[in-house]
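Hi everyone, and thanks for making time today. I'd like to walk you through one structure, stop by stop, so please keep the view open while I talk.

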Amino acid sequence: MAPLSAKERAQLPDSAFGYIDSGGRRRLPIHDAAHVRNALARFSQVVFEDEAARDRARSRLLRAAMKHGIMPVGFVSAQLQPQRKLPKGHITFLLTDLEGSTELLGRLDDRYASLLADVRRLVRAAVRSAGGREASARGDDVFAVFERAPAALEAALAIQRAMHAGAWPDGIDVRLRIGMHRGRPALTDTGYVGLSVHAAARICFAAHGRQIIMSSAVRAAVIESLPEGVSLRSLGAWRFRGLPEPVDLFQADAADLPADFPPPRSATPAK
């Protein structure tokens with residue numbers, strides 16, 4: 001491509017530029033090496049409408065870097081280490097887990113991947129809207145963190161409401177378990193580490209599909225700012241494998257969400 005002056009470049013139609021965002025906005029053209037380098041440096045500043053758009057943009061940008069012989073070491077490192085943006089100190093964990101994932105896989109076969117992607121987009125949208133950050137997503141679960149506990153509860157309620165309203169294939173009832181805990185984990189190069197992380201995972205796995213359960217630490221942090229129509233019901237104290245002390249569990253109840261569930265799974269009542 002022939003070099004263009006700033007004036008000539010400004011007069012080009014939108015179609016003459018390579019965009020890395022999917023909204024059609026001329027932010028980071030990637031039609032030459034100089035612009036690819038600029039796009040790599042500014043990628044984290046670009047606002048995308050969802051994670052799928054970010055993934056498409058990232059792939060296009062990396063292909064452009066390869067085409068121009070650019071080794072984007074810093075860019076790749078930043079993309080592979082999202083923990084740099086994760087909050088520290090006392091934080092609230094929100095974990096989701098897809099109930100009956102094996103049965104869903106057997107029923108949907110090659111359509112399961114699409115369903116899982118839809119569920120993740122729904123969860124991620126609620127987390128972002130409430131101000132949280134995704135720490136990881138493995139298999140059929142998502143692990144998000146929040147600096148403010150009320151925001152985590154807001155996200156949990158939004159997720160369950162969106163799941164209930166979702167148009168799932170073949171009319172299947174797709175359900176998520178949600179568990180919440182609060183603690184002060186260590187943030188390392190590989191993510192969060194600490195007993196509170198394990199406790200959050202145990203609490204999530206104890207929940208049933210469509211249920212939101214939380215520890216007493218989360219309850220204490222949200223009880224003074226509950227959304228209208230939302231209440232917290234005590235489920236009692238429960239012991240979990242690997243945790244030294246019982247955990248007092250509470251269920252978030254709202255008029256538009258199911259309220260009756262069996263006792264927590266994979267836990268025994270504390271005596």
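**A walk around the chain**

Let's begin at Glu228, which sits in the loop between helix H9 (216–222) and strand E8 (230–239). When I say helix or strand, I mean DSSP runs, numbered from the N terminus: H or I with at least four residues for helices, E with at least two for strands. Before going on, please keep in mind that this is a predicted model, where local features need pLDDT of at least 70 and side-chain atom pairs count only at pLDDT 80 or more, while totals for chains, interfaces and linings use all residues. Residues are numbered from 1 along each chain as its sequence is written, and side-chain values use heavy atoms, with hydrogens and water left out.

Is Glu228 buried or exposed? Glu228 counts as exposed because its relative accessible area is 82%; the cut-offs are under 20% for buried, over 50% for exposed, and partly exposed in between, using a 1.4 Å probe and protein chains only.

Now please look at Asp253, in strand E9 (residues 247–254). With 11% relative accessibility, Asp253 counts as buried. Which residues does Asp253 touch, not counting those up to four places away in sequence? The answer is Gly229, Val230, Ser231, Arg233 and Ala259, where contact means heavy atoms within 4.5 Å.

**The whole chain**

Let me step back for a moment. The chain has 9 helices and 10 strands. Of its 271 residues, 43% count as buried. Taking contacts between residues at least 6 apart in sequence, 65% join residues at least 24 apart.

Next, find helix H6 (residues 112–129) and helix H7 (residues 149–165): their axes come within 8 Å and cross at roughly 145 degrees. The axes here are lines fitted to C-alpha atoms, for helices over the stretch in contact, with angles running from 0 to 180 degrees between N-to-C directions. The crossing of H6 and H7 is right-handed; the rule is that a crossing is left-handed if the near helix is turned anticlockwise from the far one by less than a right angle, and right-handed if clockwise.

Who meets whom here? On the H6 side we have Val119, Leu122, Val123, Ala126, Val127 and Ser129, and on the H7 side Glu154, Ala155, Ala158, Ile159, Ala162 and Met163. These contact residues divide into 10 nonpolar, 1 polar and 1 charged.

Our next residue, Glu134, is in strand E2 (residues 133–138). Glu134 counts as partly exposed because its relative accessibility is 28%. Leaving aside neighbours within four places in sequence, Glu134 is in contact with Leu86, Arg124, Val127, Val142, Phe143 and Ala144. The C-alpha atoms of Glu134 and Ala144 are separated by 4.2 Å, with the residues 10 apart along the chain.

**A stop in helix H8**

Ser196 lies in helix H8. It counts as buried, since its relative accessibility is 12%. Beyond residues up to four places away in sequence, Ser196 touches Phe93, His181, Gly183, Arg184 and Pro185. Thr92 is 104 residues away along the chain, and its C-alpha atom is 9.7 Å from that of Ser196.

Most residues other than glycine have a negative phi. Asp170, though not a glycine, has a positive phi of about 60 degrees, and Asp170 is in the loop between H7 and strand E4 (176–183). Arg210 is not a glycine either, and its phi is positive at about 80 degrees; look for Arg210 in the loop between helix H8 (195–206) and strand E7 (212–215).

Notes
Ala, Val, Leu, Ile, Met, Phe, Trp, Tyr, Cys and Pro count as nonpolar, Asp, Glu, Lys and Arg as charged, and the others, Gly among them, as polar.
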